[in-house]
Amino acid sequence: MAANWDLGRLEVVTTDDAGSSADSFDVLYAAHARRALRLAGLLCGHRERAEDAVAEAFVKVLPRWQAGHVEDFWPYLRTAIVNEVRTGHRRRGVADRWRH
């Protein structure tokens, strides 16, 4: 069953002194947002959590990319998404244990 999620709600907000760097990142975002959301959705099975994980991953990748530390964007972003989803599962597990 394929998810039909609204990608228009995902936004990357940047404050950038370099000017064109934000435009370049917008291009990367447009190129990778759909499959990033699909990956996160498959990993966590929850639309809102997937959107949050993708947004957090993009935010965390942005400074590394701007500094020139990211050569191959998709694998780097994919790893960041997997880490975000894993962190979310871990946090929810801890919260559930404390509630019971």
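The legends below describe close-up views of a predicted model.

**Figure 1. Overall fold of the protein chain.** The chain holds 3 helices and 0 strands, in the order α-α-α from the N terminus; helices (H or I, at least four residues) and strands (E, at least two) are DSSP runs, numbered from the N terminus. Of its 100 residues, 34% count as buried, that is, under 20% relative accessible area with a 1.4 Å probe, protein chains only. Residues are numbered from 1 along each chain as its sequence is written. Local features need pLDDT of at least 70, side-chain atom pairs count only at pLDDT 80 or more, totals for chains, interfaces and linings use all residues, and side-chain values use heavy atoms, with hydrogens and water left out.

Figure 2. His 32 lies in helix α1 (residues 20–44). His 32 counts as buried because its relative accessibility is 10%. Beyond neighbours within four places in sequence, His 32 is in contact (heavy atoms within 4.5 Å) with Phe 58, Phe 73, Trp 74 and Leu 77.

**Figure 3. The second largest pocket.** This pocket holds about 170 Å³ of space. A pocket is an open set of points on a 1 Å grid over the protein atoms alone where a 1.4 Å probe fits, with protein on both sides within 12 Å along at least five of seven lines; lining residues have an atom within 4 Å of a point. Helices α2 (47–66) and α3 (73–99) each supply at least two lining residues, and α3 gives the most, with 6. Among the lining residues are Cys 44, Arg 49, Glu 84 and Arg 92.

How values were computed:
Buried means under 20% relative accessible area, exposed over 50%, partly exposed in between (1.4 Å probe, protein chains only). Grid points are joined across faces, edges and corners, and a volume is the space filled by probe spheres set on the points.
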